[in-house]
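User: I have a protein model on screen and want to know what stands behind the labels. Please walk me through it.

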Amino acid sequence: MSFYDVPDGVEIRGRYDNQFAQILTRDALEFVAGLQREFRDQVRYAMECRCESKKWYNSGGLPGFDPATKFVREGNWKCASVPPAVADRSVEITGPVERKMIINALNCGAKVFMADFEDALSPSWENLMRGQVNLRDAVNKTITFHDQARNRVYKLNDTIAKLFVRPRGWHLPEAHIIIDGQPAIGCLVDFGLYFYHNHVSYRSAHGAGFGPFFYLPKMEHSREARIWNNVFERAERTAGINRGSIRATVLIETLPAVFQMDEILYELRDHSVGLNCGRWDYIFSYIKTFQAHPDRLLPDRVQVGMAQHFMRCYSDLLIRTCHRRGVHAMGGMAAQIPIRDDPAANDAALELVRKDKLREVRAGHDGTWAAHPGLIQPILEVFTSNMAGKANQIQTATREDADAITEEDLVQMPRGTRSMEGLRLNTRVGIQYLAAWLTGTGSVPLYNLMEDAATAEISRVQNWQWIKYGAVLNGDGIKIRVTPELFAKVVEEEMERIKREVGMEKFIRGLYREASKIFAKQCTVPELDDFLTLDAYNLIVVHHPKTSSRL
């Protein structure tokens with residue numbers, strides 16, 4: 001039997017694989033363990049602070065700008081200059097760290113590919129470690145994939161997108177790697193293994209002396225950005241590379257973080273390349289932040305778009321903040337996927353994407369996200385035709401008008417209606433996404449949209465909110481109050497619909513019943529769980545006996 005060679009204090013409980021062993025080397029694990037040991041207390045404190053903030057919001061408090069850091073918001077400082085290799089980020093594609101996906105995304109014509117260890121990936125041991133192998137091969141430009149069903153070999157083009165990597169959030173553990181008796185911090189595993197194996201090749205072959213580049217998710221406060229900055233500095237010192245080589249874009253995808261954008265950039269000012277509007281998670285966070293506020297029941301999630309006042313203000317303030325500090329302001333996700341069997345519906349969907357992206361570029365965004373390669377060229381045309389031949393709008397779209405945005409603007413209740421169809425759609429999407437996630441897939445096409453964990457989270461917390469406070473829905477012209485009994489009936493009926501849509505064979509083979517139980521429980525618990533995936537994570541952890549040894 002083969003074993004991973006591990007340093008003192010480290011234990012691997014995931015399956016042994018020869019390819020994984022090339023990633024989980026003694027030196028790489030020593031690097032990860034060093035990060036864990038230096039920063040675990042800081043991370044624990046940051047998570048405790050989140051809990052304290054939650055208590056404040058649940059007692060009726062509202063998020064707002066911190067008076068203690070007013071000097072940061074009003075100061076004239078700038079972030080470090082944007083590296084030339086990533087000056088143009090007009091369209092970025094995102095997706096999981098799967099081999100075929102990586103090749104297609106790097107080849108699709110996008111300026112950047114964000115390879116995801118977070119919301120688009122089910123964090124099984126196999127997915128995480130194969131993802132590290134795949135990224136190493138991509139950085140080395142040796143990655144290939146043989147699609148046996150199509151008898152086609154995929155490989156990289158001569159010109160490819162710049163690779164950014166998104167590790168998991170601070171709150172997620174890695175239960176297959178134990179350091180000093182405790183599960184490793186998931187994001188430090190993702191970052192540490194990728195950085196250790198790839199920083200030399202990336203900087204020389206892709207970053208023109210800079211890099212690697214990252215996206216950082218789920219932050220709520222600048223203290224969490226400070227930890228990342230310290231992680232980057234330690235990694236740079238260990239590697240013997242210049243301070244400021246590593247660069248990262250922070251997703252502003254929690255409501256508390258919108259009041260901390262200047263402070264987050266300030267903490268990362270030597271390592272920042274901007275902020276991004278993570279708008280689906282932002283809606284999830286709005287509901288979660290106000291979970292104890294029955295006067296803030298949201299309308300159907302399909303109505304909570306960028307036309308809503310609080311969403312538009314969030315986007316405008318992000319642009320103003322980033323450009324004032326000299327970095328990119330990235331727009332939100334276009335989740336549409338091609339509708340191949342209905343040209344008219346496909347054209348209508350593309351037109352919606354064009355309008356959304358035209359709004360973004362005219363507002364001042366420097367680039368945007370897409371979930372499918374088929375959207376890259378239409379979006380690229382919108383941005384390039386509206387940026388006056390420039391790589392970005394950092395110097396030209398100052399958006400000084402956004403200085404007038406207030407705390408009240410950023411938390412204004414969205415307007416709209418609540419319906420039975422909204423409850424049904426939430427339930428159907430949430431169950432189907434969770435069923436896929438439990439079987440190893442984190443990016444799921446549903447109803448002509450590419451869904452990830454963010455959409456499932458919105459579905460879950462909105463159902464919870466409506467059930468908790470007995471929201472009144474419009475059901476075919478009749479007013480209906482949401483109760484646990486009504487929800488149970490909806491779950492039963494939507495399971496029958498799912499069975500019809502996916503077919504009996506797939507329904508039996510999939511984990512739809514298990515997903516239904518988990519989702520229904522999450523929607524009806526007295527106290528809202530912080531994350532759906534955190535609760536379900538233990539169901540995908542598979543420990544193997546004794547796969548590591550100290551030689």
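User: Which strand do five bridges join to β3, and what makes the two count as a pair?

Analyst: Strand β4 (residues 112–116) is joined to β3 by five bridges, and the two run parallel. Two strands pair if DSSP finds at least two bridges between them, so five bridges qualify. One partner pair is I93 with F113 in β4. A note on the source: this is a predicted model, in which local features need pLDDT of at least 70, side-chain atom pairs count only at pLDDT 80 or more, and totals for chains, interfaces and linings use all residues. Residues are numbered from 1 along each chain as its sequence is written, and side-chain values use heavy atoms, with hydrogens and water left out.

User: Which strand do three bridges join to β3?

Analyst: That is β14; three bridges join β3 (residues 91–96) to β14, again in parallel. E92 has W369 of β14 as its bridge partner. Strand β13 (residues 329–334) also pairs with β14, over three bridges in the parallel sense. There, M333 stands opposite W369.

User: Why is β3 called largely enclosed?

Analyst: Six of the six residues of β3 are buried, so the rest of the structure largely encloses the strand. Buried means under 20% relative accessible area, exposed over 50%, and partly exposed in between (1.4 Å probe, protein chains only).

User: Which way do the residues of β14 point?

Analyst: In a regular strand the side chains alternate between the two faces of the sheet. In β14 (residues 367–370), G367 and W369 point one way. T368 and A370 point the other way, and all are buried.

User: What makes α10 an enclosed helix?

Analyst: Ten of the eleven residues of α10 (residues 279–289) are buried, so the rest of the structure largely encloses this helix. Among the buried ones are R279, D281, Y282 and K288. Helices here are DSSP runs of H or I with at least four residues, strands are runs of E with at least two, and both are numbered from the N terminus.

User: How do you know that the protein chain is compact?

Analyst: The chain has 20 helices and 19 strands. Its radius of gyration is 23 Å, close to the 24 Å that the globule rule gives for 551 residues, so it is as compact as a globular protein of that length. That radius is taken over C-alpha atoms, and the rule is 2.2 Å times the number of residues to the power 0.38. Along its principal axes the C-alpha trace spans about 70 × 60 × 50 Å. Buried residues make up 60% of the 551.

User: Why is S459 called buried, and what is it in contact with?

Analyst: S459 has a relative accessible area of 0%, so it is buried. The residue sits in helix α16 (residues 453–468). Contact means heavy atoms within 4.5 Å. Leaving aside neighbours within four places in sequence, S459 is in contact with R301, N426, V429, G430 and F519.

User: Why does D476 count as exposed?

Analyst: D476 has 78% relative accessibility, so it counts as exposed. Its place is the loop between β17 (472–475) and β18 (478–481).

User: Is A404 buried or exposed, and where does it lie?

Analyst: A404 is exposed, with a relative accessible area of 60%. It lies in the loop between α13 (376–384) and α14 (407–411). Its C-alpha is 9.9 Å from that of C313, 91 residues away along the chain.

User: Which peptide bond is called cis?

Analyst: The bond from G211 to P212 is cis, with omega near -5°. P212 is in the loop between α6 (186–205) and β10 (213–216).
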